[in-house]
Amino acid sequence: MTDVRTAEADPPWEGLRGAERYAACMHAARAGSRIARATLVKDLTPLVWHVARGNGLDRTTAEDVVQTVWLALFSHINSLAEPKALASWLITTTRREAHRVRVKVTNDLPLTDEMAEQLPSTQPQPEDEALRTDRDTRLWRAFGELPEKCQELLRLTVLAGRSEYRLVAEAMQMKRGSIGPTRGRCLNTLRELLDTEGGGG
């Protein structure tokens with residue numbers, strides 16, 4: 001217990017950044033430090049959240065997936081071979097859980113007509129909805145034509161500011177300074193694909 005109390009009073013991850021910080025937190029968490037666990041959750045939940053949402057989950061389902069991923073980590077915290085690879089592990093686990101949830105939802109029974117009639121409508125006007133649907137369809141079709149690396153990079157950075165580029169760089173095993181330029185090239189390619197089919201802007 002002494003080591004745990006010492007870690008709580010003077011966190012070994014203080015002043016560290018990126019993979020080094022997460023590795024220090026992991027070692028302390030394995031020793032029983034609740035503060036280390038809380039630090040990991042605070043630092044990395046935005047990354048897990050973005051991956052969940054980027055894999056097509058709505059807000060409520062994404063929240064459930066985020067919780068499941070953290071429970072999975074802390075339930076098997078001693079089995080992660082390389083603590084410095086934590087960000088990559090979280091991304092991979094979140095993708096798999098998001099896929100599992102999507103398959104489950106797809107296999108669920110469809111909404112009956114009687115149930116559907118009892119639901120209040122929250123849809124916009126048909127004309128507006130048609131325009132939005134057409135725009136989104138063209139956008140996602142063009143997005144699907146991007147290289148897989150571009151898709152992943154855009155998913156991870158679309159809601160993140162520059163302060164989170166470090167996490168993205170670690171997760172994708174890229175240099176931090178290359179994230180912005182690569183993202184710019186991916187967006188240019190996406191615009192070109194949209195322009196090709198008349199969906200620019």
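**Close-up 1. The disulfide of the predicted model joins C150 and C186.** The count comes to 1 disulfide. The sulfur atoms of C150 and C186 lie 2.0 Å apart, inside the 2.5 Å cut-off for such a pair. A disulfide is a covalent bond between the sulfur atoms of two cysteines. The angle about the S-S bond is -75°, and the link of C150 and C186 is left-handed. C150 belongs to helix α8 (residues 148-157) and C186 to helix α10 (residues 176-196), so the pair ties together parts that are 36 residues apart in sequence. Are C150 and C186 buried or exposed? Both are buried.

**Close-up 2. Helix α8 meets helix α9 (residues 165-172).** Two packed helices are described by the angle between their axes and the distance between the axes. Here the axes of α8 and α9 come within 10 Å and cross at roughly 150°. Angles over 145 degrees count as roughly antiparallel, and α8 and α9 are therefore roughly antiparallel to each other. Their crossing is right-handed. From α8, the contact draws on K149, E152, L153, L156 and T157. From α9 come Y165, V168 and M172. By class, the contact of α8 with α9 has 5 nonpolar, 1 polar and 2 charged residues.

**Close-up 3. Helix α2 (residues 18-30) crosses helix α3 (residues 34-54).** The axes come within 8 Å. The crossing angle of α2 and α3 is roughly 145°. α2 passes α3 in a left-handed crossing. Which residues make the contact? On α2 they are R21, Y22, C25, M26, A28 and A29. On α3 they are A36, R37, T39, L40, D43 and L44. The residues of the contact of α2 with α3 divide into 8 nonpolar, 1 polar and 3 charged. C25, one of the α2 residues in this contact, is buried, with a relative accessible area of 0%.

**Close-up 4. T94 sits in helix α5 (residues 86-107).** Is T94 buried or exposed? T94 has a relative accessible area of 0%. Buried means under 20%, so T94 is buried. What does T94 touch, leaving aside its neighbours within four places in sequence? T94 is in contact with V48, V51, A52, V65 and V69.

Note on methods:
Residues are numbered from 1 along each chain as its sequence is written. This is a predicted model: local features need pLDDT of at least 70, side-chain atom pairs count only at pLDDT 80 or more; totals for chains, interfaces and linings use all residues. Side-chain values use heavy atoms; hydrogens and water are left out. Helices (H or I, at least four residues) and strands (E, at least two) are DSSP runs, numbered from the N terminus. Buried means under 20% relative accessible area, exposed over 50%, partly exposed in between (1.4 Å probe, protein chains only). Contact means heavy atoms within 4.5 Å. Axes are lines fitted to C-alpha atoms, for helices over the stretch in contact, and angles run from 0 to 180 degrees between N-to-C directions. A crossing is left-handed if the near helix is turned anticlockwise from the far one by less than a right angle, and right-handed if clockwise. Ala, Val, Leu, Ile, Met, Phe, Trp, Tyr, Cys and Pro count as nonpolar, Asp, Glu, Lys and Arg as charged, and the others, Gly among them, as polar. Angles under 35 degrees count as roughly parallel, over 145 as roughly antiparallel, 65 to 115 as roughly perpendicular and the rest as oblique.
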